[in-house]
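I opened my notebook today to look up charged pairs and strand pairing. Come along and check each entry as we go.

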Amino acid sequence: MGSKVMEHFALTRRDDRLPAHATDRARLDSLVEASIAELSHSPAPRRLLGFEPWRAFEADPDFGSPNTTPRSVRANFVSCNPPSGAIKAITGPDPVGVIQAANTRAIELLDYVIRDLQGKRDEIRAGAATAATVEDIPTREALRTRFRMNADDRSIWMESSARTVLTLIRRFRGARQILADGWMRYTCLGAATITLGKCDLTEGNGCTADTRAVSCGGHSRIVLCAPWWSDDLGINKLDAQARTLLHEALHVHFGFIGDRESGNFANAHCYDQFVFDMNWLDVPTALVGSCP
Ligand SMILES: [Zn+2]
């Protein structure tokens with residue numbers, strides 16, 4: 001595999017843009033599998049704020065666990081605390097409160113999915129039939145449509161290789177961890193061109209047009225854009241905001257998770273849509289095509 005392509009995966013992440021051209025999905029998926037192997041076997045995995053995310057999950061039962069109480073968003077980690085007049089016109093008078101509410105909702109949505117998948121996986125590994133354990137429609141449909149997984153294929157539940165339910169659980173727990181550990185920083189209104197972590201600085205890589213948020217793998221900051229504060233995407237506004245946060249958290253924690261240019265296992269849209277499916281929420285119409 002070419003490191004050049006992997007670097008490309010670390011470009012600044014954007015949210016809610018129009019679908020890009022079709023790419024070679026199988027090739028991209030194989031890159032993802034290679035990067036998973038790297039994370040598992042590298043003697044010095046990428047570090048994020050002093051912990052080693054992949055290993056921390058393996059070693060620490062609390063990592064991303066729905067059973068741990070989420071920490072609050074730190075007010076002093078929010079750039080517009082308190083908001084100036086111009087910013088307040090967009091964010092409202094209490095931006096920290098808005099971010100906290102969206103963050104809490106994102107964690108709630110993730111926790112439901114993590115608990116549900118873990119419970120089903122445990123049952124099936126203990127010998128239960130998939131037909132009995134996975135009888136609910138959202139799980140079957142979400143696995144099929146977002147990740148092309150067949151709920152009746154026992155191997156996706158039993159195994160721990162790249163394309164399994166365990167991988168999904170790990171991904172959701174990674175996002176949960178960094179939304180809940182109190183270390184995420186927020187920029188309230190990003191500029192059109194921004195410097196973010198080690199991501200490429202390119203003209204217009206920040207908040208332009210309909211971009212809702214921007215983030216960069218390995219860099220614990222979510223840059224919010226004006227639409228995040230105002231555009232409800234035709235659904236409940238809190239859910240729309242929560243969706244963006246958990247989407248960006250996947251980019252931040254798993255630098256190889258991109259958007260539409262990637263195969264479904266490396267497309268953050270597929271994860272956030274899976275979370276919506278499992279929670280019986282409608283995916284915003286404008287984003288349905290983002291997880292092809
Ligand atoms: Zn994205």
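I began with a rule: two strands pair if DSSP finds at least two bridges between them. Helices (H or I, at least four residues) and strands (E, at least two) are DSSP runs, numbered from the N terminus.

A note on the source: this is a predicted model, so I kept in mind that local features need pLDDT of at least 70, side-chain atom pairs count only at pLDDT 80 or more, and totals for chains, interfaces and linings use all residues. Residues are numbered from 1 along each chain as its sequence is written, and side-chain values use heavy atoms, with hydrogens and water left out.

**Entry 1: strands**

I looked up strand β2 (residues 185–187) and found it pairing with strand β4 (residues 219–224) in the parallel sense, over three bridges. In this pairing, T187 stands opposite V223 of β4.

Next I checked strand β3 (residues 213–216), which pairs with β4 in the antiparallel sense, also over three bridges. Which residue of β4 is the bridge partner of V214? I found V223 there.

I also noted that β3 and β4 form a hairpin with two residues between them. In the turn, G218 has a positive phi of about 80°.

I wrote down the term next: a salt bridge is a side-chain nitrogen of Lys or Arg within 4 Å of a carboxyl oxygen of Asp or Glu. The structure holds nine salt bridges.

I looked at R105 and E108, whose side chains meet in one of them at 2.4 Å, N to O. Why can these two be about one helical turn apart? They sit three residues apart in helix α5 (residues 95–125).

For accessibility I used these cut-offs: buried is under 20% relative accessible area, exposed is over 50%, and partly exposed is in between (1.4 Å probe, protein chains only). R105 is buried at 18%, while E108 is partly exposed at 44%.

R105 also meets D239 in a salt bridge of 2.6 Å, N to O. This pair links distant parts of the chain, since D239 lies in helix α11 (residues 237–253), 134 residues from R105 in helix α5. D239 is buried, at 7%. I noted that R105, E108 and D239 are linked in a network of salt bridges.

**Entry 2: K120 and D136**

K120 lies in helix α5 and D136 in the loop between α6 (130–133) and α7 (137–147), so the pair ties together parts 16 residues apart in sequence. K120 is buried at 7%, whereas D136 is partly exposed at 23%.
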